[in-house]
Amino acid sequence: MKATPLSNCERRFLLRAIEEKKRLDGRQCYDYRNIRISFGADYGCCIVELGKTRVLAQVSCELVPPKLSRPTEGVLFFNLELSPMAAPGFEPGRQPELLVQLNRIIERCLRNSKCVDTESLCVVAGEKVWQIRLDLHLLNHDGNIIDAASIAGIVALCHFRRPDVSVQGEEVTVYTPEERDPVPLSIHHMPICVSFAFFQQGTYLLVDPSEREERVMDGLLVIAMNKHHEICTIQSSGGIMLVKDQVLRCSKITAVKVAEITELIQKALENDQKGRKEGGKFGFAESIPNQKITAFKMESAAVDTNNVEEQAEEIITKAEPPSEVFAKPILHTVGTAQIGEGIENSWGDLEESEREEAAEEEGESEATAFECQKMETEDTSTTRETKKDEPIVVSDSEEEEVVILEPQELPKKTRPQTNSKQETTSKKAFNKRRKKKRAAH
Amino acid sequence: MMAAKEEDKMAVAGDGCCLRPFSCEQGLLSRPDGSAAFLQGDTSVLAGLYGPAEVKGSKELPDRAALEVLLRPKVGLPGVVERSREQLLRQTCEAVVLGALHPRTAITLVLQVMNDAGSLLSCCLNAACMGLLDAGLPLSSLFCGVTCALDANGAIVLDPTTRQEQEARAVLTFAIDSAERKVLMATTKGSCSVEEMQQCLAAAQRAADTIFQFYRDSVRRRYSKS
């Protein structure tokens, strides 16, 4: 789909409103939208809603060999995806510049700030370390993707539990969640990005721009900070020129906002932890509010499956008999099987490549998980019988000797017997244009 | 065999003849034309729909709408499993959407897996149908997805959890339409006999009644204050 363009009158209206310190949704210049954090059933899965912007985060882990330059550190991998449902302009397969920019900011915010302790992710130095993978999916784009994504990322990392590992000499044991409780990641601090949008060459400033405001802004300043007032990342894009005290003012605002957001995150994590410990229900099902008119829940429903067998039998007897049943598959060798038989080869007059002699079949056919129930195991370890008949001269040319081998009729389509393997192979009667020694087996 | 037949009133999640608790929320995303989140027990899928909208030149169909389905897993890039499920969903949706009313347009359905705890394909089908309803696209009938698993004894388990799917001999998913409870799509994994498949289909049609009642109640609630 194409992105809907912004009309000129809309642009003018937004800019005029901002000059009068008014925002379309009624917020003040420094106000954030409502942040709502909900957790999924798995550890490390959460959804963050910043107003209407919605981001899904999932953390997963895997044991991998470490990077050669850092043999005692774990590996962190971050990936932000703009789902095609987030906005009409996002198409699958195309990487807009925006995506690269966002990924870079998230990486700098979470990786370079060293908020996750990578040394604790080492299991066996130089051989096995944990790779922590964070996947962020933008589900709805209503502005300020960076903030929502950074909050979702850090919340998911704090929520995640990795399997417990014990190392005894050379042996490494990874415990399943049932054997030993999974272990949280070691997080030093929580960096959170705060975005500022500038209008009219830096005169007006808005915190947490919505999608419309982002479209008309001149430039964006992103500051990532933790609650200890340490700046983790700062980036200014859009080519606006900022004065020093503007930047300092923004960083003070950031400190206030980050403190509020960090408190919110802590509360949400505690509530979820409490809920899980008390054995209550958790997961996205619980986060759907009951009072919304657009949401509906149904309890577990029983389905009456009495007389299902009778009904099924009725259908089968009334239905037409199934079409011709093909012969069951025959395993020639491992990886080569044949189902049914082909029709007679009609390429009689063309050059034929040498016929490969099939290897003698040995062994039973392997029973695989997807084997048809009707297939019996077949013992195909019989020697091959080849009947070579009299060569029948087809063409008058003296240079060619056309030999028809095994000119029997097409075999009937029945279940092949073990001793008539030659009927079931693909070596039907065909013409060969070469001298063939008749070998009697 | 059908050991749980007499005790099918037991409300145990994923038990032989029970569907897990369902939840659905419609219209939860502001940008897509239609959106729905569907939850079956712990499995949840979010569907977002755009359409009928402008289509790029090569994909344009002169007589009907071009339907595209995208399924995104939670972790990693979409692979072959997602592609095959996309095709199944697309064929099901094309059978019900009256595409002839919107020629030379594109309808894009994006599904995001939020949690996979078994019966994922049927959850995707249900989310897709609720998304189509929310977007207001013209449909000839509704459809729903039901997954059945056949365990080692041959007992039918409806709406199986991940563990039940892994231990099952065969897992079958059906898309059932609402007009005459006919089959729109059937896909199986594993081996089962013809009789067993017909039994699963009959059980799925019974379960479809419950699901369609859920759709009706959910839409009735939504439009109750008008």
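Let me start with a strand pair in chain A: strand S13, residues 219-225, runs antiparallel to strand S14, residues 231-237, and six bridges join them. Strands here are DSSP runs of type E with at least two residues, helices are runs of H or I with at least four residues, and both are numbered from the N terminus. Two strands count as paired if DSSP finds at least two bridges between them. A:Met225 has A:Ile231 in S14(A) as its bridge partner. The two strands make a hairpin with five residues between them, and A:His229 in that turn has a positive phi of about 65°.

A word on what you are looking at. This is a predicted model, in which local features need pLDDT of at least 70 and side-chain atom pairs count only at pLDDT 80 or more, while totals for chains, interfaces and linings use all residues. Residues are numbered from 1 along each chain as its sequence is written, chains are lettered from A and ligands numbered from 1 in the order in which they are written, and side-chain values use heavy atoms, with hydrogens and water left out.

Now chain A as a whole. Chain A has eight helices and 20 strands. Of its 441 residues, 44% are buried. Buried means under 20% relative accessible area, exposed means over 50%, and partly exposed is in between, with a 1.4 Å probe and protein chains only. The accessible surface of chain A is about 25100 Å², and 50% of that belongs to carbon and sulfur atoms. Those areas come from the Shrake-Rupley method with a 1.4 Å probe, and for residues only the protein chains shown count as cover. Among contacts in chain A with a separation of 6 or more, 69% are between residues 24 or more positions apart. A contact means heavy atoms within 4.5 Å.

One example of sequence distance against space: A:Glu20 and A:Tyr204 are 184 residues apart in sequence, yet 9.8 Å apart C-alpha to C-alpha. A:Glu20 sits in the loop between helix H1 (8-19) and strand S1 (35-39) of chain A, and at 47% relative accessibility A:Glu20 is partly exposed.

Next, salt bridges. The criterion is a side-chain nitrogen of Lys or Arg within 4 Å of a carboxyl oxygen of Asp or Glu. Over all chains, the search finds 29 of them. In chain A, the side chains of A:Arg33 and A:Asp208 meet at 3.0 Å, N to O. A:Arg33 is buried at 9% relative accessible area, and A:Asp208 is buried at 0%.

Chain B has its own pairs. B:Asp159 and B:Arg20 form a salt bridge at 3.2 Å, N to O. B:Asp159 is in the loop between strand S8 (156-158) and helix H3 (162-167), and B:Arg20 in the loop between strand S1 (18-19) and strand S2 (22-26), so the pair joins parts of chain B that are 139 residues apart in sequence. The relative accessibility is 2% for B:Asp159, which counts as buried, and 3% for B:Arg20, also buried.

Staying in chain B, look at strand S4, residues 43-53: nine of its eleven residues are buried. Which strands does S4(B) run antiparallel to? One is strand S3, residues 34-40, joined to S4(B) by seven bridges. Here B:Ala36 stands opposite B:Ala47. The hairpin of S3(B) and S4(B) has two residues between the strands, and B:Gly41 takes a positive phi near 65°. The other is strand S6, residues 106-115, joined to S4(B) by eight bridges. In that pairing, B:Ala53 stands opposite B:Ala106.

Last, the interface. How much area do chain A and chain B bury between them? About 5700 Å², with 58% of it on carbon and sulfur atoms. Buried area is the accessible area, with a 1.4 Å probe, that two parts lose on being put together, summed over both. The contact takes 61 residues from chain A and 71 from chain B. Three salt bridges run between the two chains. A:Glu211 and B:Arg31 meet in a salt bridge at 3.6 Å, N to O.
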